[in-house]
Amino acid sequence: MKKATVNKKRIDYSAYLFILPVCIFFITFVLVPMIRGLELSLFSFSKRNPVFVGFKQYADLLFSSNGATIHEPFMKSLVNTVIITAVAVPIVVLVSIFVAVTIYNKHATVRSFFRGVFYIPAISSVVSVTVVWAWIYHPQYGILNYLFSSAGIISKNVDWLGNPNTALYAIITILITTSLGQPIILYVAALGNVPKELLEAAEIDGATKWQVFRKITWPLIMPTTLYIVVVTTINSFQCFALIQLLTAGGPNYGTSTIMYLVYEAAIKNGDHGIASAMGIILAIVIGIISILQFKFLSTDND
């Protein structure tokens, strides 16, 4: 009996050793920076020496009653971030599942080709992708203006990235195209795990393709959908590189996101306190939305 007890303890300790590297990484690069960020958010760095201000900077960001100059840019950036997420996430999910279902029953070569084509933007350098899209959107010789003019959709060239009515949606379009690769691959893999017996039985019973997808395929790939929705939402909320390289938050904060505002406050203005406060607010918003997504999309719910 003693020997059995010793072996059990030995197994428990070995399990802790296996998760130790991940725990060290999490504590060092996630937990400690979060605590440090929370600490910095309580200090003002507008002057050379940091001054403790408590939660005043959170009030400056969220409320305009105290005349804070950061309130309006932050609220504009927050609204832009929500719009980007609300538009990009559903489109990414719908387009990726449509493409995955379309190519799933094709020949393996065709399936691999399309997976590779859609995955190329995901693995390409952000700089190279933005250079291509900057040429597409160019107001004078961009291909988008040329195509729309040839089709009679527009009568004169449009400054897609400089027009307040089009700039944000131009950014969203790029974000969508660069976010489709991984979801398509995951959905193709998930479709391969759907039992063919269920699909064949439904077809024998006279179910249409749409009924088979809605009643059998979709519920079975819901865990994959949950993962894609959560990851795409987090990536959308953290949209930064496209903004920095293409619009720098303009025109008039029309494309600014919270992440870009954090960069602007911390790197350009050197105000690490207000930047940390914005980062904490962003983390809280992402956390709340992720919890809601798990609650309503998880298949483990009773």
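Analyst: We may begin with a definition: the radius of gyration is taken over C-alpha atoms, and the globule rule is 2.2 Å times the number of residues to the power 0.38. The model discussed here is a predicted one. For a compact globule of 302 residues the radius would be near 19 Å, but the protein has 24 Å. Along the principal axes, the C-alpha atoms fill a box of roughly 80 × 70 × 35 Å.

User: How many helices and strands does the protein have?

Analyst: There are 14 helices and two strands in the protein.

User: What share of the contacts joins residues 24 or more positions apart?

Analyst: Among contacts in the protein with a separation of 6 or more, 62% are between residues 24 or more positions apart. R36 and T177 are 141 residues apart along the chain, and their C-alpha atoms are separated by 35 Å.

User: How is burial read, and what percentage of the residues count as buried?

Analyst: The term buried applies under 20% relative accessible area, exposed applies over 50%, and partly exposed lies in between. By this reading, 35% of the 302 residues of the protein are buried.

User: Is T225 buried or exposed, and why?

Analyst: T225 counts as buried because its relative accessibility is 3%. Neighbours within four places in sequence aside, T225 is in contact with V93, Y187 and W218.

User: What is a disulfide, and how many does the structure hold?

Analyst: In general, a disulfide is a covalent bond between the sulfur atoms of two cysteines. The structure holds zero disulfides. Cysteines may still be described by their accessibility. C23 has a relative accessible area of 33% and is therefore partly exposed, whereas C239, with 4%, is buried.

User: Where is there a cis peptide bond?

Analyst: The bond from G250 to P251 is cis, and its omega is near -5°. P251 is located in the loop between α12 (241-246) and α13 (258-268).

User: Which residues have a positive phi although they are not glycines?

Analyst: A248 is one of them, with a phi of about 55°. Y253 is another, and its phi is about 60°. A248 lies in the loop between α12 and α13, and Y253 is found in the loop between α12 and α13 as well. With 40% relative accessibility, A248 is partly exposed. Y253 is also partly exposed, since its relative accessible area is 30%.

User: How many charges does the protein carry, and how far apart are their mean positions?

Analyst: The protein has 20 positive and 13 negative charges. The mean position of the positive charges and that of the negative charges are 7 Å apart.

Conventions:
Residues are numbered from 1 along each chain as its sequence is written. This is a predicted model: local features need pLDDT of at least 70, side-chain atom pairs count only at pLDDT 80 or more; totals for chains, interfaces and linings use all residues. Side-chain values use heavy atoms; hydrogens and water are left out. Buried means under 20% relative accessible area, exposed over 50%, partly exposed in between (1.4 Å probe, protein chains only). Contact means heavy atoms within 4.5 Å. A disulfide is a pair of cysteine sulfur atoms within 2.5 Å. Helices (H or I, at least four residues) and strands (E, at least two) are DSSP runs, numbered from the N terminus. Lys and Arg count as positive and Asp and Glu as negative; His and the chain ends are not counted. The place of a charge is taken as NZ of Lys, CZ of Arg, CG of Asp or CD of Glu.
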